[in-house]
Amino acid sequence: MGLDPGRAKCGLVLVDPDQRLVIDGVVLPPSRVISQLKTWSNQGELRLILLGNGTSSDQWNSALQRLASIEIVDERGTTLRARERYWQLWPAWGWRQLLPRGLRLPPGELDAVAALVMVEDHLGYRCQWPQPRPAFKSVPVP
């Protein structure tokens, strides 16, 4: 699985490398990341966490070591590459397809797709994402 850490939101993607398939991808506030990873771990689907070396990765590294093996990966440029990957996964339709590629802004969060880019770089191949694009899941305010 890949984790693109951030202060306000984190992208997570769970991949089956044998099937080259994204099982799940979400964008969560940092406070919900461990809970999501524990869910995946309890389902027996968490073996390796690829952690982006950007924002607050040192803090995440120590917090995640109890869940799975961790490998720190370079996340430079993944957000920009995630924009292109987003349109490969979910091609533009309607009026968006009329825009030049460089001007298209994805309508959703890119953090989970950035995490996928890190995973794909690590694996050396692209994965399919059969589910709907990831949405930001906010935490209800008490």
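I sorted residues by class before counting: Ala, Val, Leu, Ile, Met, Phe, Trp, Tyr, Cys and Pro count as nonpolar, Asp, Glu, Lys and Arg as charged, and the others, Gly among them, as polar. This is a predicted model, where local features need pLDDT of at least 70, side-chain atom pairs count only at pLDDT 80 or more, and totals for chains, interfaces and linings use all residues. Residues are numbered from 1 along each chain as its sequence is written, and side-chain values use heavy atoms, without hydrogens and water.

**Entry: the pocket.** I looked up the lining of the largest pocket and found nine nonpolar, one polar and two charged residues. Among them are M1, P17, E45, R47 and H122. Helix 4 gives the largest share, three residues.

**Entry: helices 3 and 4.** I checked helix 3 (residues 78-89) against helix 4 (residues 111-123); their axes come within 8 Å and cross at roughly 95°. Axes here are lines fitted to C-alpha atoms over the stretch in contact, with angles from 0 to 180 degrees between N-to-C directions. That makes helix 3 roughly perpendicular to helix 4 (65 to 115 degrees; under 35 is roughly parallel, over 145 roughly antiparallel, the rest oblique). Helices are DSSP runs (H or I, at least four residues), numbered from the N terminus. I listed the contact (heavy atoms within 4.5 Å): it includes R85 and Y86 of helix 3 and M118 and E120 of helix 4. The contact residues divide into eight nonpolar, two polar and four charged.

Key
Helices (H or I, at least four residues) and strands (E, at least two) are DSSP runs, numbered from the N terminus. On a 1 Å grid over the protein atoms alone, a cavity is a set of points where a 1.4 Å probe fits but cannot get out, and a pocket is an open set with protein on both sides within 12 Å along at least five of seven lines; lining residues have an atom within 4 Å of a point.
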